[in-house]
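Subject: Structure handover

Hi,

Here is the structure I promised to pass on. Have a look at it first, and then read on for what turned up.

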Amino acid sequence: MRRAAPALQEALVDGLRSVVTSFGDRPPSLPSLDPGYLVPMLVHAARQHGNHIVDHVPAYSSADHQVNWYCLVSALARVEGFTDPYFHFGASTDPAAEEVLRAYHSLYLARHQLASLEMGHWELFINGSGIVEIGLTPPARRSALHLVANQAERYMLPDEVGQILDEPFTDETRRRLVEASRHASLAVLRESDPDAWGRLSAGIGFDLDELPTFQACLIDLADLPPAWYSQDELFEIWNHYRQREAPQTSDAFAALVACHSISPDEALSWSATAPLLRCGDHYIPWFFGFHGMHPDLVFLTLLIRRHEQLWSQTVGSTLARAADWLGRRLNCGERIKWRARVAAPDGVGDADLVLLDTTTAHVAVFELKTTFDKFRTSFQMRNFVEQRVGYARALKQAEQAAQALRSGAWPLRSVFGKGAPERPTEVTAGVLTWWDTYNPTAGSLRVVPICNYATLAYILDRAHGDLEATIATIKELTGIYCPARLVTISEASETTDRILLEVQSASIPPVSSWPDVTDFTRNLLEDHRHWPEDWKDRQDEGRWRIYPKMG
């Protein structure tokens, strides 16, 4: 048994705030080393730490590749006078470079821990042995909805991609996978308004159809022994890579590289990462550039910053049409009717997407947010939750429109025409995001259906257009949490004091631990690996935790 420790949690928050505040006044001193040595040595040290993260840091435990990246660029941004690297990679790591990155890691780790506590994603407990445990609150937990979202992502991809995913994973299949995808992940932007996408492509200086092949080239380049390149050397490599195509012009290549590379100062100012790190006139592939985020999203983040005005005048001004795109992607025959960007009565505002189940007269009203979490860090998540998506505002808007439909103040037939029922049998309000799976209402008394675009389309298709079943399943999946194990994240060498953190797996817990769910939800999870009911006999029970039923 464990008990909540609110006083200890408050003290920890105060301590972390002090660490973060004092760090700004005393950043770590850089060693007095020649920039031509220090810059490649810092990169080498960070790369070594990245390899350690891959091998030893549990997935989904947050402070990983993005934090390592911020440590590196924070240090590099302070190095002055760099012109040429003295070497490509080190035979060993200089302790002075390691110490600088370790100091920055202390800062970013403190920011990560502080944000996790302040946003209510972590809660402190003391177990029966007096050891501090950090528990994940429901919004921060990985759930069955996350696992279904992975299936849904594949559901939205071209058939050729699915066939490649079924093959053994090799360097060749990875390259084919990237090229076959043809930036399918950006389909919502490309297809919502093809004219706007065309004007964006015409204005950025290179053909967007080159994007998948260039990303495949960068992935291959990152697999080679680390090396620094000039832009001319990269240009030669690129034209050799695409040898079956006509050589690209140097100007087009420069524009292409600009949307895949970043300087340390830009990385900090934009809170962005890239597959190519640029220092002075030299580039080095950053092997972990695509580890924290999909390659298309990494590209999109840099594209928007490098071409802000062009973006805002083209695709950025047409994001509301994502609702039309999603409506067209719903594969439910005549059972589901949809309307996008519908003007509601005065005082209610617009509804992004309204769905009508013609069999049951169930209606769903969704607010859509065609954005994504570009940060992938806990200490920047508040920006995504409160600003980029603004869940509270979005939920309020959706609920206002839903209430107007329930009350009859907004006649259903004014939305769907005379053939629609006079009144809906039920109206549900929810929020849809383009990419991420996060629900701030998880674990509350009133869980709201929140998922990404692909997940809604996938579940609605599997339900054969049954809107009530779809809504119920989204909420039920949100409350089935993946098992977690306790991992030591802090241990004092001079004492036995330890802090343990819950780190989740990517598995479905035993069926007996689920809340009450519908048969459709059970059927949807049949293909996922379940923990057995006798898991306690097979696992170290003291290290693993099955979350209790909620609701």
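A quick definition before the details: a residue counts as buried when its relative accessible area is under 20%, as exposed when that area is over 50%, and as partly exposed in between. Arg 376 has 24% relative accessibility, so Arg 376 is partly exposed. Please keep in mind that this is a predicted model.

**Salt bridges**

As background, side chains of opposite charge can pair when their charged atoms come close.

One of the salt bridges joins the side chains of Glu 118 and Arg 17, with 2.9 Å from N to O. Glu 118 belongs to helix H4 (residues 95–118) and Arg 17 to helix H1 (residues 6–25), so the bridge ties together parts that are 101 residues apart in sequence. Both ends are partly exposed: Glu 118 has a relative accessible area of 38%, and Arg 17 has 40% relative accessibility.

Another salt bridge has Glu 399 and Arg 406 as its partners, at 2.7 Å from N to O. Glu 399 is partly exposed at 24% relative accessibility, and Arg 406 is partly exposed too, with a relative accessible area of 29%. There is also a network: Arg 2, Glu 133, Glu 502 and Arg 545 are joined into one by salt bridges that share partners.

**Helix packing**

Helix H10 (residues 211–223) packs with helix H11 (residues 231–241) at an angle of about 115 degrees, and their axes are 11 Å apart. H10 and H11 are therefore roughly perpendicular to each other. The crossing in which H10 passes H11 is right-handed. On the H10 side, the contact is made by Thr 213, Phe 214, Ala 216, Cys 217, Asp 220 and Leu 221, and on the H11 side by Leu 234, Ile 237, Trp 238 and Tyr 241. Sorted by type, the residues of this contact are eight nonpolar, one polar and one charged.

In the other pair, the axes of helix H5 (residues 144–155) and helix H21 (residues 467–478) come within 6 Å and cross at roughly 120 degrees. H5 and H21 are therefore oblique to each other. H5 brings Ala 144, Leu 145 and Val 148 to the contact, and H21 brings Ile 474, Leu 477 and Thr 478.

Val 257 links back to the helix packing. This residue is in helix H12 (residues 250–258) and is buried, with a relative accessible area of 1%. Neighbours within four places in sequence aside, Val 257 is in contact with Phe 214, Gln 231, Leu 276 and Tyr 283. Phe 214 is among the H10 residues in the contact with H11. As for Tyr 283, its C-alpha atom is separated by 9.9 Å from that of Val 257, and the two are 26 residues apart along the chain.

Is Thr 314 buried or exposed? Thr 314 is buried, at 2% relative accessibility. Its place is in the loop between helix H15 (308–313) and helix H16 (322–329). Not counting residues up to four places away in sequence, Thr 314 touches Ala 196, Arg 199 and Leu 200.

Lastly, Arg 305 is in helix H14 (residues 295–306) and is partly exposed, with a relative accessible area of 28%. Again not counting residues up to four places away in sequence, Arg 305 touches Trp 270 and Lys 374. Arg 305 and Glu 533 are 50 Å apart in space, C-alpha to C-alpha, and 228 residues apart in sequence.

Cheers

Technical notes
Residues are numbered from 1 along each chain as its sequence is written. This is a predicted model: local features need pLDDT of at least 70, side-chain atom pairs count only at pLDDT 80 or more; totals for chains, interfaces and linings use all residues. Side-chain values use heavy atoms; hydrogens and water are left out. A salt bridge is a side-chain nitrogen of Lys or Arg within 4 Å of a carboxyl oxygen of Asp or Glu. Helices (H or I, at least four residues) and strands (E, at least two) are DSSP runs, numbered from the N terminus. Buried means under 20% relative accessible area, exposed over 50%, partly exposed in between (1.4 Å probe, protein chains only). Axes are lines fitted to C-alpha atoms, for helices over the stretch in contact, and angles run from 0 to 180 degrees between N-to-C directions. Angles under 35 degrees count as roughly parallel, over 145 as roughly antiparallel, 65 to 115 as roughly perpendicular and the rest as oblique. A crossing is left-handed if the near helix is turned anticlockwise from the far one by less than a right angle, and right-handed if clockwise. Contact means heavy atoms within 4.5 Å. Ala, Val, Leu, Ile, Met, Phe, Trp, Tyr, Cys and Pro count as nonpolar, Asp, Glu, Lys and Arg as charged, and the others, Gly among them, as polar.
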